[in-house]
Amino acid sequence: GDPWRMGILRSYLALYATDMGDYAAAARYHQENLAAAIEHGQRKQAAELLSNLGHVARLVGDGTRSRDYYERSLAIYRELNDAQGVESIAQALQEMA
């Protein structure tokens, strides 16, 4: 299938899985999209997906993994000079403290 459409579908499936409490499935869909984003050099999308993975890890109580994903996302946002992304992730990290 079309990789772009598959990515959109996986994003919706990840949101649905999160809403249903199927965090393993949500993480899997986010991971698949992250791999595609990295493969295609889509850095902002990769940062967003790392943030999503951080959120899912946080929901299952894995603070270490959540912080790691958030830190990786933050690093990309900083490289991209994306102030909104930096602020969003900094807030998520602060909420974990």
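Predicted model: local features only at pLDDT ≥ 70, side-chain atom pairs only at ≥ 80, totals over all residues.
N81 sits in the loop between α4 and α5, where helices (H or I, at least four residues) are DSSP runs numbered from the N terminus. Its phi is near 55°, a positive value in a residue other than glycine. N81 has 69% relative accessibility and therefore counts as exposed; the classes are buried under 20% relative accessible area, exposed over 50%, and partly exposed in between, with a 1.4 Å probe and protein chains only.

Residues are numbered from 1 along each chain as its sequence is written, and side-chain values use heavy atoms, with hydrogens and water left out.

Is H30 buried or exposed? With a relative accessibility of 6%, H30 counts as buried. Neighbours within four places in sequence aside, H30 is in contact with A14, L49, N52, L53 and V56, contact being heavy atoms within 4.5 Å.

H30 also takes part in the packing of two helices. Helix α1, residues 3-20, and helix α2, residues 23-39, pack at an angle of about 155°, and their axes are 8 Å apart. The axes are lines fitted to C-alpha atoms over the stretch in contact, and angles run from 0 to 180 degrees between N-to-C directions. The two helices are therefore roughly antiparallel, a label given to angles over 145 degrees.

Which residues touch the most other members of the largest nonpolar core? They are L34 and I89, in a core of 16 residues. Such a core is a set of buried Ala, Val, Leu, Ile, Met, Phe, Trp, Tyr and Cys residues joined through side-chain atoms within 4.5 Å. Two or more residues come from each of α2, α3 (43-59), α4 (63-79) and α5 (83-96), and α3 gives the largest share, 6 residues. Apart from this core lies another, of 6 residues, including A14, A17, A25 and Y29.

Terms used. Parallel < 35°, antiparallel > 145°, perpendicular 65-115°, else oblique.
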